[in-house]
Amino acid sequence: MRIRLLLPMLALVAGLGTAVAAPAAADPGPVTSGDVSVADACYSWGRTLSEGASGEDVRQLQIRVAGYPGYGGVLAIDGQFGAGTKAAVTRFQQAYGLGADGVAGSATFTKIYALQDDDCSPVNFTFAELNRCNADWSGGNVSAATAKANALVSMWKLQAMRHAMGDRPITVNGGFRSVACNNAVGGAAASRHLYGDAVDLGAGSQGFCGLAQQARNHGFSEILGPGYPGHSDHTHVAHRANRFWSASSCGI
């Protein structure tokens with residue numbers, strides 16, 4: 001069972017019902033000491049964040065809104081609240097019916113708390129799904145900590161994608177691979193799976209093309225699907241320095 005420390009205390013967050021019911025209203029803020037007391041087992045924000053802010057709390061916010069950069073975009077996870085982060089926060093707020101002003105205040109953080117588990121993964125995805133290779137994320141092309149951190153960002157992108165597709169479950173076939181695991185399945189030597197930021201998706205109810213097409217809106221710079229060699233039976237999404245989308249059977 002997943003335990004959410006926040007849920008029993010949601011009633012303490014003043015104005016939440018109004019913020020959700022009235023999208024035209026801005027996110028009520030600032031975050032107050034009373035809001036901070038509504039602690040989350042993963043991470044709690046202690047201040048309102050807006051353009052110009054910087055720090056670890058901004059970086060943590062960026063991870064959660066990484067799936068909202070806009071078509072073809074990729075949000076930098078750099079701890080700097082710039083125009084791109086403001087736009088991503090705005091899209092996140094719009095997606096969940098919050099006041100969309102690009103300022104992360106109590107209503108925005110409350111929604112994030114509701115969407116994350118105690119290990120910081122989003123509620124609909126798990127670290128175990130993204131690593132069927134080994135128990136400790138070791139043996140890839142980056143450190144175990146970096147591979148796991150990369151997978152976390154991918155999961156939040158998938159959470160955004162899932163919500164955009166009607167909150168229908170997305171099937172994860174695999175993610176991180178060590179060099180040994182990659183060799184065992186005949187993976188490419190430069191596979192993004194070795195970095196922890198690649199995920200292979202099953203068709204589910206959305207279909208391979210539906211997944212590939214939707215992924216363009218959620219921060220994936222690498223999308224491979226039907227029509228690309230070796231990808232007729234899954235859709236592959238990942239992060240890379242330069243965009244590479246190829247799923248010709250899907251019009252990509």
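**Figure 1. Burial and secondary structure of the predicted model.** Of the 252 residues in the protein, 49% are buried (under 20% relative accessible area; exposed is over 50% and partly exposed is in between, with a 1.4 Å probe and protein chains only). This is a predicted model, in which local features need pLDDT of at least 70 and side-chain atom pairs count only at pLDDT 80 or more, while totals for chains, interfaces and linings use all residues. Residues are numbered from 1 along each chain as its sequence is written, and side-chain values use heavy atoms, with hydrogens and water left out. The secondary structure comprises eight helices and five strands, taken as DSSP runs (helices H or I, at least four residues; strands E, at least two) and numbered from the N terminus. Along the sequence the pattern reads α-α-α-α-α-α-β-α-β-α-β-β-β. Among contacts (heavy atoms within 4.5 Å) between residues at least 6 apart in sequence, 61% join residues at least 24 apart.

Figure 2. The mean pLDDT of the protein is 89, where pLDDT is the predictor's confidence in each residue, from 0 to 100. A value of 70 or more is reached by 85% of the residues. Over residues 1-24 pLDDT stays under 50, and the model has 42 contacts beyond four places in sequence for them.

**Figure 3. The largest nonpolar core.** In soluble globular proteins, nonpolar side chains tend to be buried together. A nonpolar core is a set of buried Ala, Val, Leu, Ile, Met, Phe, Trp, Tyr and Cys residues joined through side-chain atoms within 4.5 Å. The largest one here has 53 residues, of which Leu49, Leu61, Leu158, Met161 and Leu201 touch the most other members. Two or more residues come from each of α3 (56-64), α4 (83-95), α5 (106-115), α6 (144-164), β2 (199-201) and α8 (208-215). The most, nine residues, come from α6. This core lies between domain 1 (46-114) and domain 2 (121-251), because both give residues to it; the domain bounds come from an automatic or database domain assignment.

**Figure 4. Surroundings of Leu49.** Not counting residues up to four places away in sequence, Leu49 touches Asp57, Val58, Leu61, Phe81, Val103, Ala104 and Phe109.

Figure 5. β1 and β2 run antiparallel and are joined by two bridges, and Val172 stands opposite Leu201 in β2.

**Figure 6. Two loop residues with positive phi.** Trp137, a residue other than glycine, has a positive phi near 65 degrees. Trp137 belongs to the loop between α5 and α6 and is buried, with a relative accessible area of 6%. Asp167, also other than glycine, has a positive phi near 60 degrees. Asp167 belongs to the loop between α6 and β1 (172-174) and is partly exposed, at a relative accessible area of 35%.

Terms used
Two strands pair if DSSP finds at least two bridges between them.
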